[in-house]
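Open the model in a viewer and keep the selection panel at hand. The stops below go from the parts of one chain to the contact between two.

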Number of protein chains: 2
Amino acid sequence: MEGYKAPQRDAMFVTHELLNYQDHYQKLGFDEASEDLVSAIFAEAAKFSENVLAPINASGDEEGCKWVDGEVTTPKGFKEAYQTYVDGGWPGMSHPEEFGGQALPYSLSSIIAEWFSGANHSWAMYPGLSQGCMATIKAHGSELLQQMFLEKLVSGEWTGTMCLTEAHCGSDLGMLKCRAEPQEDGTYSLTGTKIFISAGEHDMSENIVHIVLARLPDAPEGTKGISLFVVPKFNVSEEGEKQDRNAVACGSIEHKMGIKASATCVINFDGAKGYLIGPPNRGLNCMFTFMNTARIGTGLEGLASSEAAFQGALRYAKDRIQFRSLTGRKNPEGPADPIIVHPDVRRMLLTQKAFAEGNRALAAYCMQLVDVTLYGSDEAEKQLADAKLAFFNPYCKSVLN
Amino acid sequence: MEGYKAPQRDAMFVTHELLNYQDHYQKLGFDEASEDLVSAIFAEAAKFSENVLAPINASGDEEGCKWVDGEVTTPKGFKEAYQTYVDGGWPGMSHPEEFGGQALPYSLSSIIAEWFSGANHSWAMYPGLSQGCMATIKAHGSELLQQMFLEKLVSGEWTGTMCLTEAHCGSDLGMLKCRAEPQEDGTYSLTGTKIFISAGEHDMSENIVHIVLARLPDAPEGTKGISLFVVPKFNVSEEGEKQDRNAVACGSIEHKMGIKASATCVINFDGAKGYLIGPPNRGLNCMFTFMNTARIGTGLEGLASSEAAFQGALRYAKDRIQFRSLTGRKNPEGPADPIIVHPDVRRMLLTQKAFAEGNRALAAYCMQLVDVTLYGSDEAEKQLADAKLAFFNPYCKSVLN
């Protein structure tokens with residue numbers, strides 16, 4: 001949004017004064033993630049949010065995405081902003097060095113993800129979905145699949161999606177119908193239609209890697225018969241090179257209030273070539289590995305909106321003049337005082353500020369616990385962190401969203 | 001909205017069982033407003049809402065209003081729906097018989113105003129503003145002005161607006177700048193720009209009558225120097241015939257979320273001919289006459305939205321199948337049960353229903369009090385009603401909106 005300022009100061013306060021991230025990172029072996037480095041990363045992320053993403057938020061919303069014959073064009077400036085994001089090395093910040101990432105902690109890339117979303121929610125949806133895609137392939141994909149897909153995803157040359165929902169099943173995934181037929185070469189042929197696929201099709205990256213829930217022919221009914229597949233828009237060689245077009249097509253884009261510049265797609269798989277990830281019929285279990293990070297990710301979008309709303313309201317309250325202060329003129333040269341002088345306006349602004357800052361602290365606390373579950377070596381501590389997340393994280397998701 | 005059903009049964013319950021409107025109307029001399037007549041009027045209003053307004057709600061929102069060179073075109077079907085409304089005699093339902101109205105109680109036309117708004121909020125804004133315009137001219141206009149304007153407004157051939165806000169003053173009307181210069185013929189020449197004028201320009205009626213707040217040349221500063229004027233789009237003879245175009249023009253239309261089919265206008269007065277209503281410098285006092293009905297009118301829009309949202313949610317909850325009921329299959333032939341079987345979905349639906357029905361009762365109670373203030377003959381009862389409104393009405397406005 002116009003005039004957005006990334007909340008660097010509050011993020012440093014929450015992480016380094018309130019929650020002692022410095023010791024936390026040291027303990028988990030992230031020696032390089034010093035307070036100075038974190039502060040420098042925050043400064044760069046703030047610049048990117050404020051100078052690159054915020055200026056194309058309103059124009060992007062007005063222009064929206066365009067769908068023509070299966071191709072989606074993002075609004076003016078979106079592609080260029082994505083290239084700047086890739087050039088800055090942001091996509092792979094918390095991913096392994098062996099695939100070109102920077103191997104920094106999960107919490108660090110997540111704190112700044114709020115700012116990208118606050119500056120431009122629509123834009124932030126595109127790289128946001130890649131994170132889940134990469135994590136899925138890293139956790140459950142074979143060595144070959146990791147080799148085929150991860151490097152280009154980590155560099156940001158390719159983006160990813162998560163294809164779960166079908167028209168007749170959103171929450172009740174046990175009913176899903178998308179089929180995966182085994183082929184002689186060990187791959188699968190996927191057929192079916194998915195809806196509400198964020199970043200399902202766009203012009204910002206050269207390939208799109210879909211993580212797809214589907215059923216094998218002999219699968220049991222319900223949630224115990226769902227498997228997980230990776231299905232690229234363009235086929236990929238074993239060496240990870242982009243090849244011919246796969247049978248994946250975008251049927252249309254949805255109209256979603258507030259994120260018109262984000263392509264939420266209907267994706268048709270028409271005998272598309274895919275690869276099994278994880279064990280057959282255990283797809284939902286594999287997906288649940290990411291329940292904590294997915295919840296925090298959703299919560300961060302709500303936090304981002306509340307921070308952006310507070311900033312917009314604060315600017316307006318300082319600029320708009322209307323009536324005089326109860327305690328005497330505060331803007332004697334003008335015909336009225338800025339409305340921030342009025343007690344009830346201040347009350348509303350402080351409520352917004354308290355929500356944004358309180359929820360940022362809660363999110364940072366949950367992220368810290370996730371770090372422990374991901375990188376910790378003490379099994380008891382990991383279990384404790386997981387138990388705490390089971391309590392705090394649904395709250396984090398629902399309050400912030 | 002698609003599939004909207006006017007809440008006739010609940011309105012009859014609230015007015016005739018809970019609040020005893022039959023005795024109330026009798027007591028105020030509205031002998032003809034029997035339970036049967038009210039019920040018949042409700043049935044006709046329901047048909048109009050459901051069959052005429054609801055079907056053009058979504059299409060109207062998609063198409064929106066178009067502004068070209070000062071002319072505003074409303075979406076397909078809006079003009080025809082307005083003609084049906086006029087043919088049905090709805091505009092003058094609660095206005096005096098001497099101007100062609102039906103002289104029915106205020107509360108009766110207000111209860112059904114909720115339904116028009118629930119079926120099609122955008123459309124309901126056009127005739128809605130006429131009510132305030134008519135009431136202002138009736139209460140404060142000279143006999144000549146009443147003769148010039150009221151008949152065509154009451155019949156609905158013309159519509160009206162209320163022009164208060166300017167870019168630099170919304171709540172703090174003391175700062176308003178629109179000027180009115182007295183002319184030799186006793187009229188005034190108005191110059192200035194008003195914003196956020198609902199139904200300020202459109203193609204549904206042959207003339208538009210603006211009620212405008214402006215300052216006389218010798219007016220004191222602040223709210224004690226504001227006068228009220230009537231300024232028609234087309235000039236009007238003393239006999240009430242439409243004449244040449246007045247210097248009133250629509251500069252642009254605003255983008256307002258959720259009411260894209262309602263023309264919210266910037267209106268420029270460029271030496272436009274106007275007529276003073278009420279005493280000089282007492283314009284705000286004249287406007288405050290309608291504070292109670294204006295508050296209820298605003299509250300009804302919120303009530304309409306909550307009823308429409310409940311109906312939409314209820315339809316979806318009965319139609320959408322997802323998961324099985326905790327107490328055993330309710331839709332054994334289907335792959336899942338409708339989501340209305342789930343306790344938390346029922347809780348949410350019942351919360352919506354309680355808000356809509358509770359607030360409808362509160363609104364009907366406030367309208368009953370307004371009836372007493374408008375038509376009562378016992379001065380003590382009128383004062384009591386006014387005192388009760390001072391307590392309940394701000395609540396009615398803020399809870400419902």
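Start by colouring chain A by domain: domain 1 covers 8-65 + 75-143, domain 2 covers 158-281 and domain 3 covers 287-400, with bounds from an automatic or database domain assignment. Between domain 2 of chain A and domain 3 of chain A, the C-alpha centres are 34 Å apart.

This is a predicted model, in which local features need pLDDT of at least 70 and side-chain atom pairs pLDDT 80 or more, while totals for chains, interfaces and linings use all residues. Residues are numbered from 1 along each chain as its sequence is written, chains are lettered from A and ligands numbered from 1 in the order in which they are written, and side-chain values use heavy atoms, without hydrogens and water.

Next, select helix 1 of chain A, residues 8-18 (helices are DSSP runs of H or I, at least four residues, numbered from the N terminus). Its buried residues (under 20% relative accessible area, 1.4 Å probe, protein chains only) are Asp10(A), Ala11(A), Met12(A), Val14(A), Thr15(A) and His16(A). They pack against helix 2 (21-27), helix 3 (35-53), helix 6 (106-119) and helix 11 (343-375) of chain A. Just past helix 1 of chain A, stop at Asn20(A), whose phi is positive, about 50 degrees.

Now show chain B with chain A. Contact (heavy atoms within 4.5 Å) joins 15 residues of chain B to 15 residues of chain A. By class, the chain B side has 8 nonpolar, 4 polar and 3 charged residues (Ala, Val, Leu, Ile, Met, Phe, Trp, Tyr, Cys and Pro count as nonpolar, Asp, Glu, Lys and Arg as charged, the others, Gly among them, as polar).

Conventions
Buried < 20%, exposed > 50% of the residue type's maximum accessible area, 1.4 Å probe, protein only. Helix = DSSP H or I, 4+ residues; strand = E, 2+ residues; numbered from the N terminus.
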